[in-house]
Amino acid sequence: MQFSGTVRYVGDGDSLCVGNTADPNAWIEVRLADFNAPELHEDRGAQGKVALERIALHREVTCTTERGRSRRVISFDRVIARCRVGSQPIGDMLRQAGAPEGGN
């Protein structure tokens, strides 16, 4: 499944919300399939969130759902997806920006 919209919120270094309106009830919560950042409470977790905000917040993205390790498309109420800004995958953009990787 593919969906697109504006990144309305960044939860941490690998989680964001995509929506076509300002109504949070209509947003899709996304866990990036192609990047694994530290959790906010872990070392460098806040840096990861700032990096994702710089790259994606308020920008138009296109996301394609993907099955995770559990073979499911949903992980903790979030859709697992690869998202792009234009033609660039957000995971690649985070790596190029030196965003911290690792974590749970």
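Predicted model: local features only at pLDDT ≥ 70, side-chain atom pairs only at ≥ 80, totals over all residues.
The chain has a mean pLDDT of 91, and 89% of its residues reach 70 or more. Among the elements, the lowest mean pLDDT (58) belongs to strand S5, residues 74-75, and the highest (98) to strand S7, residues 88-89.

Strand S2 spans residues 15-19, and five of its five residues are buried. The cover extends to both faces of the strand: Ser15, Cys17 and Gly19 are buried on one side, and Leu16 and Val18 on the other.

S2 pairs with strand S1 (residues 2-12) through five bridges, and these two strands run antiparallel.

In soluble globular proteins, nonpolar side chains tend to be buried together. In this model, the largest nonpolar core contains 23 residues, and those with the most contacts inside it are Leu16, Val30, Leu32, Leu52, Ile90 and Leu94. Two or more residues come from each of S1, S2, S3, helix H1 (45-56), strand S4 (60-65), strand S6 (78-85) and helix H2 (90-96).

Val30, one of the core residues named above, touches Phe3, Asp14, Ser15, Leu16, Val18, Arg78, Val79, Ala81 and Cys83, when residues up to four places away in sequence are not counted.

Terms used. Residues numbered from 1 in each chain as written. Heavy atoms only, no water. pLDDT = per-residue confidence, 0-100. Helix = DSSP H or I, 4+ residues; strand = E, 2+ residues; numbered from the N terminus. Buried < 20%, exposed > 50% of the residue type's maximum accessible area, 1.4 Å probe, protein only. Pairing = 2+ DSSP bridges. Core = buried A, V, L, I, M, F, W, Y, C linked by side-chain atoms within 4.5 Å. Contact = heavy atoms within 4.5 Å.
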